[in-house]
Amino acid sequence: MKSRKIFSAIILIGFGLYFYLQRFDLTGMKDYFTWPTLLIIVGLAFLGEGYWGRDGESILPGVILVGFGLHFHLAGKIAIWPDNIGVFVLIIAIGFLLRSQKTGDGTFYGLLFLVLSILLLFSDKVMGWFGLVENNVSSLINFWPAVFVVIGVYLLFAKRRGRK
């Protein structure tokens, strides 16, 4: 089992600074003493373990936690920040792609999630494109989640068949 020295050190430093600074009445920092900040700290610990500790598998949870924490901080504060499920899927895609750079595994899933996030983030424009052929496509649009289920079932059983 790999040593989690870097992970533990970053968690202790991050939480220590978080709770220490929280004791002071810093007016500009009150919005950041919330649970998304704790997500970011834990995510940074995973990223530190992934890059400095050479544990590439820690990169995916690190990116997800940091990304979700940043999203929850920025969603209400920046007007152009999208508040859409596609942002979460994009964060997961970035996590898979960064992990694949370090481990060589997960590029397919990263690209799959990237395409899905683009479709979700720009669904209004995609639906506008389908509006050109609306009569034939409108019934198919209702069943697009089934495509993901079918791909998932295929990946689940195709992988099992390959192991035997």
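This is a predicted model: local features need pLDDT of at least 70, side-chain atom pairs count only at pLDDT 80 or more; totals for chains, interfaces and linings use all residues.
Before anything else, a helix here is a DSSP run of H or I with at least four residues, a strand is a run of E with at least two, and both are numbered from the N terminus. By that rule, histidine 73 lies in helix 3.

Residues are numbered from 1 along each chain as its sequence is written, and side-chain values use heavy atoms, with hydrogens and water left out.

Let me stay with histidine 73 for a moment: is it buried or exposed? Its relative accessibility is 7%, so histidine 73 counts as buried, where buried means under 20% relative accessible area, exposed means over 50%, and partly exposed is in between, with a 1.4 Å probe and protein chains only. Leaving aside residues up to four places away in sequence, histidine 73 touches Asp31, Tyr32, Thr34, Pro36, Thr37 and Ile40, a contact being heavy atoms within 4.5 Å.

That brings me to the packing of helices. In general, two packed helices are described by the angle between their axes and the distance between the axes. The axes are lines fitted to C-alpha atoms, for helices over the stretch in contact, and the angles run from 0 to 180 degrees between N-to-C directions.

For helix 2, residues 35-51, and helix 3, residues 59-74, the axes come within 7 Å and cross at roughly 155°. The two are therefore roughly antiparallel to each other, a label for angles over 145 degrees, whereas under 35 counts as roughly parallel, 65 to 115 as roughly perpendicular and the rest as oblique. Among the residues that meet are Trp35, Leu39 and Phe46 in helix 2, and Val63, Leu70 and His73 in helix 3. The residues of this contact divide into 16 nonpolar, 6 polar and no charged, with Ala, Val, Leu, Ile, Met, Phe, Trp, Tyr, Cys and Pro taken as nonpolar, Asp, Glu, Lys and Arg as charged, and the others, Gly among them, as polar.

Turning to helix 4, residues 85-103, and helix 5, residues 107-121, we find them packed at an angle of about 160° with their axes 8 Å apart, and they are therefore roughly antiparallel to each other. By class, their contact has 15 nonpolar, 5 polar and no charged residues.

Finally, leucine 12 lies in helix 1, residues 5-22, and, at 65% relative accessibility, leucine 12 counts as exposed.
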